Amino acid sequence: MAKATTIKDAVKKLEEARGINAAEAEKVPPIEKMDPTLSTLKACKHLALSTNNIEKISSLAGMDNLKILSLGRNLIKKVENVEAVAETLEELWLSYNAIEKLSGVEKLANLRVLYLSNNKIRDWVELERLAGLEKLEDLLLVGNPLYNEHRDNNTGAEYRVEVLKRLPNLKKLDGIPVDVDERDQAMQARGGA
């Protein structure tokens with residue numbers, strides 16, 4: 001079995017291949033294992049770690065400009081160690097993992113986009129954890145048990161209203177723009193005017 005590419009190895013390859021200092025790179029090539037070398041990537045705006053075997057989010061301290069964190073298609077079970085990028089992170093891509101609980105995401109105050117398709121989210125209480133994310137406007141939940149239950153029961157419209165009731169600032173849900181009628185129904189369901 002081949003040895004996993006660490007961030008340290010990927011950074012070294014990046015510097016050699018492009019003849020640049022990795023601390024100045026805005027985008028990093030895919031890697032297989034997170035390690036403390038991330039702290040050297042000061043200018044990185046988009047960290048692409050998708051389609052690997054990453055089981056745990058390591059500390060992102062030192063990534064002062066990170067706006068997009070792509071961790072789709074890994075083995076991640078929970079959102080952790082994201083505090084260091086809470087002020088800069090705008091997009092978090094976590095589709096195709098094994099996430100059941102969303103604790104930890106609420107720390108990301110500037111999050112606008114959250115892709116969580118094909119995980120294991122089944123409870124409404126998990127979506128309620130996102131209620132404090134006032135800038136969240138694009139949420140993807142397709143393929144989670146919560147979504148699938150409504151799809152299988154032909155109650156997709158009710159599902160969308162339930163999500164919007166909890167997250168009224170969304171502009172797009174599951175790749176489909178939120179319409180005025182859905183927003184009005186959600187407001188009424190919340191007890192609004």
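**Figure 1. Overall dimensions of the chain in the predicted model.** Taken along the principal axes, the C-alpha atoms fill a box of roughly 60 × 35 × 25 Å, and buried residues account for 45% of the 193 residues. Of the contacts between residues at least 6 apart in sequence, 35% join residues at least 24 apart.

**Figure 2. Order of the secondary-structure elements and the annotated span.** The chain holds five helices and eight strands, which follow one another from the N terminus as α-β-β-β-β-β-α-β-α-α-β-β-α. An unreviewed UniProt entry carries the annotation "domain: NXF1/2/3/5-like leucine-rich repeat" for residues 105-175. In the model this span is 34% helix and 11% strand, and its end C-alpha atoms lie 20 Å apart.

**Figure 3. Close-up of the aromatic cluster formed by W124, Y147 and Y159.** The chain has a count of three aromatic pairs. One of them joins W124 and Y159 in a tilted arrangement, with 6.3 Å from centre to centre and 40 degrees between the planes. Because W124 belongs to helix α2 (residues 124-128) and Y159 to helix α4 (residues 156-166), the pair ties together parts that are 35 residues apart in sequence. Both W124 and Y159 are buried.

**Figure 4. Close-up of R73 and the ring of Y96.** Here R73 is placed over the face of Y96, at a distance of 3.9 Å from the ring centre.

Figure 5. The relative accessibility of E182 is 12%, which is under the 20% limit, so E182 counts as buried. The side chain of E182 is joined to that of R160 by a polar contact of 2.4 Å. When neighbours within four places in sequence are left aside, the residues in contact with E182 are R160, V161, L164 and P177.

**Figure 6. Close-up of the two ends of helix α5.** At the start of α5, a side-chain oxygen of D179 comes to within 3.1 Å of the backbone nitrogen of D181. Just after α5, by contrast, the feature shown is a backbone angle, as G191 adopts a positive phi of about 90 degrees.

Conventions:
Residues are numbered from 1 along each chain as its sequence is written. This is a predicted model: local features need pLDDT of at least 70, side-chain atom pairs count only at pLDDT 80 or more; totals for chains, interfaces and linings use all residues. Side-chain values use heavy atoms; hydrogens and water are left out. Buried means under 20% relative accessible area, exposed over 50%, partly exposed in between (1.4 Å probe, protein chains only). A polar contact is a pair of N or O atoms within 3.5 Å; within protein, one must be able to donate a hydrogen and the other to accept it, and residues adjacent in sequence count only if both atoms are side-chain atoms. Contact means heavy atoms within 4.5 Å. Helices (H or I, at least four residues) and strands (E, at least two) are DSSP runs, numbered from the N terminus. UniProt positions are given in the numbering used here, feature names are shortened, and annotations may be inferred rather than shown by experiment. Rings of Phe, Tyr and Trp (its six-membered ring) pair if their centres lie within 6.5 Å; planes under 30 degrees apart count as stacked, over 60 as edge-to-face and the rest as tilted. A charge sits over a ring if NZ of Lys or CZ of Arg is within 6 Å of the ring centre and within 35 degrees of the ring normal.
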